[in-house]
Amino acid sequence: MELVKICAILSLSQVVGSVPRDCVPLENDVLDQFDPRSVFQPNTEIGTKQPPIRVQPGIRPNRPLPTQAFFTSQLKSTGDAPMVLWPYFATMDSEGITYDAFEFRRFMDPERTILADQQSISEEGKPWNRLLDLGTNFFQKVSGPDGNPLSGFNGKSGVKVGIEGSGEPELEDFGDLYGNFKFTGSTGSVAVPLVRGSILLTHIFDNANPVITPFCLDSINGDPQNFDCPQNPAASDGGSGFLSGECTGSTLTITLHNTRPITDISLIQWAANTASQYGSSHAMHNCDDSHCRLSENGQRLDITVPNAHGTMYYAINYISHYLIPGDWINKPRQVTCTGGGKRESDVKDSDLEVLADNQDIISVERGIADIALNATCDGNNMIEIYVNLDQYSNIKTNEVQHAVEHDNIWGNPPAMRSCGSECTRHGNIVTIRMQMHSANLKFAINVINHVVLPYGNWIANPLEITCGIGQVIRYGSSGLQVDNINVQTTTARTTARTTPTTAQPTTHRPVTQAPTTHQPVTQQHTTGGTSHTKPIPPERKFILELNEQGTSLPHQTRKYALYFSQEVTPQVRSSDNKIVFAPKSGGHFTGIMQLAYLGAGPRGNHENDTVFDEHAGVFSIAPKTSFCASESTGKAYLTFNWHPNNQDAQSATSSLLMLTMPHHVYSMNSMYAPYLKDTVFGFKAMTGPELNLEMKLPRASMEPDPTAVATLNQQQRQEIIAAIERDAQTNNLDQFCAHVDSYGVGKAIGFVARLASISRTFNTQHYTALDESIRNCLEKWLRIQDVLDDMWKFQYDTVWGGLFLKATRGEVQFGADFGFPFYNDHHFHLGYFIYAAGYYVKHYPDWGSEHRHKLYLWARDVANPTHTDPYFPVVRHMDMYTGFSWASGIVPGSRQEESASESLNCYHGVAALGEAFNDKKLQHVGQTMLAMELTSVREYWQVRAHNRDHFPPLIQDTGVCGQIAEDSFYVYTLNWPCEPNVFPMRHACLVGIQVIPITAVSKYWVDQEWAASIKHSCESAVHFNRENEYSIADQQQRDRKLGTGWAAFCLAALSPLDASHKTEAANFLHDKSARDLVGGTGAASTLLFIYAST
């Protein structure tokens, strides 16, 4: 039997796994064995702020830790974020690992697009009316459950897998595609081999029973359940609002303009009082029909406040969405009421409440996870609610509101009342004590501008408590917990509330077999192909049906399958919403358990229950990547060897099934077509032990392509030569090099190197002085001329493993030098230096030979190809599975990548440095990484004919993605202000950041097809006054002009489209020099690209 399985795998590998003979694997040998500590002193400073955690002690001494891997977020001691496994999100804690699946449709669903309109220009006289057709920032949320699509994954949806008594997981092993973790519990352990693309998630148990927590569980094998269904709040659900006030006589009218229709006015609260009284009396009042009126399709709310006089202060709170103004107590809005019938307005002081605008510009969830409550109610119907504000000491007591009603009169909604005499406070604990008149109560808590407990629809699903039976209600980020204690005396009750005990589970209901209504079957399924396996025994397979979060999808459920390698019996613990699986034969479980998502659909629909049966029991373990470049075929090759383990396969013909991303399918060898199949995820999947991708091998040299240069006419040559002169006059690298951060210097030296290479190409003498500037600057940063300030001297970080710059004179900070000390943007910054070194070594090989080891340290930090290098991780920023780089290092938060073109520049520089040294290995590493990045940039950042339908409608319109982020995959915004920082001009920056810097390889992604996609974005940015709605735009905003540098990028990006756009771009540049453009580029470089695409 085992031989049959192995032979089947080998035969498939022989069919589709071949690469050319001259394609030598690049991952086996180091680029250089030089010890960085011999020239750059060791440093451990980042260990004080971000030491690695959850790592077995023997790993770090022997190999560097990856700073951008999909699992790195789980190793950070500060600011961790969920992992993206494809096709699952996952996060770990001491109780286990939680997964939730995502489907491809989320990536293009317009209902998941969040508008962040703070840079959208407004209509003259109507600042609340944003002209979104001229452009807006937005995010495409992909991690929130379908029932709560604008939220994010927080580990409280999907399915959690753990064991009893476990502690924090530990990383045991890792590679380019995997991270192996292990949990150790009270009786045994569970190993979790996390592999990118795994559809069946594998868990290897050793003498430990699986403990499964299915959030929102509706049934297991058809047996009804009612597990807790916590909901992660999404502030963006309410839109954003613009607030103004106006007085007519003694009546104050507060007007709220909201970007989304307000469906329930009772969720709006207002505070208003005279300036002299507001400080001591600013209670929030609930909107009702007597004071509040909706109009304009629910997007305008007018609140009428009588008896207004003098200076009036006011604010509004849209419960669980936003508060205007943010500091509503100390800095409320104000308007003067004369009382004489004169109309007064404060529109000039109005404010737009902007959501989804945090530091990372990725997530819209507020930091409220630690605010929680405990509640008890005694036999006298006295309810006490303890609200723990945790670290939020700035929250005032009267910002805590409560709604407490008898269950038979709970309103829709009930009034939220601000804390008064019924509330007391000790530290950050606010206690609400109220005498009620019956025992059955419903309640909710609102902490203004922070959170509503319970999350989600608190009106329809409030918290409930019954007085006099010893209940303790707990609610917070871990969901709802109901405990029962023995209540006898007042003293006992107080003690119990302070340190309540958790009762032992009282309900263990075994589920012994699958219902007859959906036994495993063997007929063909639309998503599963044809199965030839025997039905899996019901004691080895269980179907979990989960309710959707929220109330918008009451008839839809999400299905998961659990596969076990031996027969087990589940025990349902309703007390803590867990299911424990024990061997049917007794004892503790040893074997594998796999979890697989089966799709979402109508409740009770089980058409997909068997789609993965034929693949159950087979999994990838410690997969390996191999990559090489073939000059004979002009291609780069990337192979994923999945190393399938099939010792627990359901049958001899069971095969490994792995997910493929769109760029995989686009780039794979055509021989793989028979092994592709559709899945419930919407992505294609492939059966078999390996995947091979083929990509065109890009040019290595950083010099202008002589063939392209030969096409220039005399006038074009003269224009470029004149631009060389203008650019050379602006060169200030000598003054700049020692006094600016590594990114600024990097762009400057990259610009000078590109200019020098163009000077040589056009036979001018400018390169002589430019070369001297390049050498001096390189030597300063290589510490050959060791004259830089200490904060800019390279050191070697021994905590994680890599080059380190302190970038500040004080304590090392996450934000210093764009996060470079914590491995942010190394490929951006060092890429420019490596590019310049590639130029200089090519023309001064003796200097290169003298300083080769130091130059290779730069290359190894960002492009080391092998796990055998003891000092640097493999291609630090590159994600081998997604095919593109992540800019993020180990700073808090999730991964993202904004300027993909600067990633491309890095790998182009590595290839050019390898060519300059005549080092084919280094050259091919650079070319292969460049080929991979190009493939994914063209797939995920740029709208093209083959992938248009993969984007949400707004990205289809813009033609470009501003950045890729794990939580909101497609993001159309920037992490920095771009003058004039309003649309439509801002489009130019979003295009330009994907163009910078212009080099000899820009032609591979800045081409005619992409130019057609970005045509409207760029033309509206450069010629904004031609747009239909621009005539009604706010005068002050529309008078702000687009900077010439970003305009030049947009025009250059359009130049491949046709002759007229090429002429327009060239004419724009005819009198420009580098000082008029964005740092890192110049007029000569841009003109050469416009005319010759090189």
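**Exercise 1. Determine whether D93 is buried, partly exposed or exposed, and describe its salt bridge.**

Step 1. D93 has a relative accessibility of 28% and therefore counts as partly exposed; buried means under 20% relative accessible area, exposed over 50%, and partly exposed in between, with a 1.4 Å probe and protein chains only. The model is predicted, so local features need pLDDT of at least 70 and side-chain atom pairs count only at pLDDT 80 or more, while totals for chains, interfaces and linings use all residues. Residues are numbered from 1 along each chain as its sequence is written, and side-chain values use heavy atoms, with hydrogens and water left out.

Step 2. The side chain of D93 meets that of K160 in a salt bridge, at 2.8 Å from N to O. A salt bridge is a side-chain nitrogen of Lys or Arg within 4 Å of a carboxyl oxygen of Asp or Glu.

Step 3. D93 belongs to strand β3 (residues 88-93) and K160 to strand β9, so the pair ties together parts that are 67 residues apart in sequence. Strands (E, at least two residues) and helices (H or I, at least four) are DSSP runs, numbered from the N terminus.

Step 4. K160 is buried, at a relative accessible area of 5%.

**Exercise 2. State which parts of the structure the salt bridge of R54 and E168 ties together.**

Step 1. The closest N and O atoms of R54 and E168 are 2.7 Å apart.

Step 2. R54 lies in the loop between β1 (42-43) and β2 (83-84), and E168 in the loop between β9 (159-162) and β10 (170-174); the pair therefore ties together parts that are 114 residues apart in sequence.

Step 3. R54 counts as buried at 13% relative accessibility, whereas E168 counts as partly exposed at 44%.

**Exercise 3. Describe the sheet that contains β46, β47 and β52, and the helix that lies across these strands.**

Step 1. The three strands form an open sheet in the order β46-β47-β52, with antiparallel pairing. Two strands pair if DSSP finds at least two bridges between them.

Step 2. At the edges are β46 (624-630) and β52 (690-696), each of which pairs on one side only.

Step 3. Seven bridges join β47 (residues 635-641) to β52 in the antiparallel sense. Y637 stands opposite E694 in β52.

Step 4. Helix α14 (residues 920-941) lies across β46, β47 and β52, at about 105° to β46. Axes are lines fitted to C-alpha atoms, for helices over the stretch in contact (heavy atoms within 4.5 Å), and angles run from 0 to 180 degrees between N-to-C directions.
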